[in-house]
Amino acid sequence: MDPDFLNAFTQPSTLDQFLTEDIIAKGEKRKLIKPTSSNNPKLEELKLFLTEWINRTLKEEHIVVKSLEEDLYDGLVLHHLLENLGSLKLDVEKIALTEKKQRKKLSVILEVLAKCLQLEESQLKWSVESILAKDLLSTLHLLVAIAKHFEPTLALPPNVQVETITIETTSRGLKTSNAVEYITENKENIEAQSKDYAFDELLSCAPDKLDATKKALLQFVDQHVGKLGLNVKDIKSQFSDGVILLLLIGQLEGYFLNLRNFFLTPASTMEMLHNVNLALELLAEGGLLNFSVNSEDIVNGDTKAIMRVLHCLYSKYRTKEE
């Protein structure tokens, strides 16, 4: 694995850069696409697809979009797009030149859109501030939602996922967490998604079966890491530092993890987070994650979060063994 991939956003200097550039204000929380995903071919394909779709849609209005971040933040293109696609009449100025007017315009547009999509505020993956700040992740989520609602037959590039980092400044310093986020549906793994949904239903609605499920997962893990002289008995405590999860992935995927890339005996929460983030990145690279995972949940010993991750490996390799 490329060392630059492993070290992206784990070095203090990289994180400090965000503060010095005033991208992350004190007390603010921001989710960003990691640099390792910036040149993702599928991400570039989606950006090009959406750009060409907007330009086709607004061709008669002589509007040409070249950059999704730079050309959509002021609300002008979104205004024309929604009026064209949904015949929505928006009570806002066509052109907003000042930031105050742009913020007001975006607020009206996004409020109307949320009602049209029948989404609660907690379900939105964008905001007035994030669009105004030219946030690519928010802009993509917004455009995909518009396209799916107004042109459901549009063949959006499937399976577009990015690695994200959430950065928050607290009184104790920077707090970060990594995740994998899907922007378009993972059609290649619909069957896997169905299994994951069934597994989530089991965790939520059949607590009586949890013990049996834990036992099956522990036996599966023990079978593989036992070859390394390890014995796994407890999901909550033995997976929170990421070590066994990393060793399990290495055993199943058939490669050796360089000890310099992770902490074999983590002595702090930061080191545990590093291990868990690395494990999630490896799973994402292998196409095994089709849902978002908060690394902090695993470090905090969230049994359901750990079981969901283990279930990804169990589903793939148990089937092969059988």
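β3 and α14 (269–285) each contribute at least two residues to the lining of the largest cavity. The model is predicted, and the structure contains 2 cavities of 30 Å³ or more. The largest cavity has a volume of about 50 Å³. Its lining is made up of Lys34, Glu163, Asn178, Ala179, Val180, Asn277, Leu280 and Glu281. By class, this lining comprises 3 nonpolar, 2 polar and 3 charged residues.

Helix α16 (residues 303–321) supplies the largest share of the lining of the second largest cavity, namely 3 residues.

The largest pocket has a volume of about 770 Å³. A total of 32 residues line the largest pocket, and Lys29, Arg30, Lys31, Leu137 and Thr166 lie nearest its centre. At least two lining residues each come from β1 (29–33), α7 (99–117), α8 (128–132), α9 (136–150), β2 (161–170) and β3 (173–182). The greatest contribution to the lining of the largest pocket is that of β3, with 6 residues. The lining of the largest pocket divides into 7 nonpolar, 12 polar and 13 charged residues.

Glu296 is located in helix α15 (residues 295–299). The relative accessible area of Glu296 is 19%, so this residue is classed as buried, the cut-off being under 20%. Leaving aside residues up to four places away in sequence, Glu296 is in contact with Lys175, Thr176, Ser177 and Leu273.

Note on methods. Residues numbered from 1 in each chain as written. Predicted model: local features only at pLDDT ≥ 70, side-chain atom pairs only at ≥ 80, totals over all residues. Heavy atoms only, no water. 1 Å grid on protein atoms, 1.4 Å probe; cavity = no way out; pocket = protein on both sides within 12 Å on 5 of 7 lines; lining within 4 Å. Points joined across faces, edges and corners; volume = space filled by probe spheres on them. Helix = DSSP H or I, 4+ residues; strand = E, 2+ residues; numbered from the N terminus. Nonpolar A, V, L, I, M, F, W, Y, C, P; charged D, E, K, R; others polar. Buried < 20%, exposed > 50% of the residue type's maximum accessible area, 1.4 Å probe, protein only. Contact = heavy atoms within 4.5 Å.
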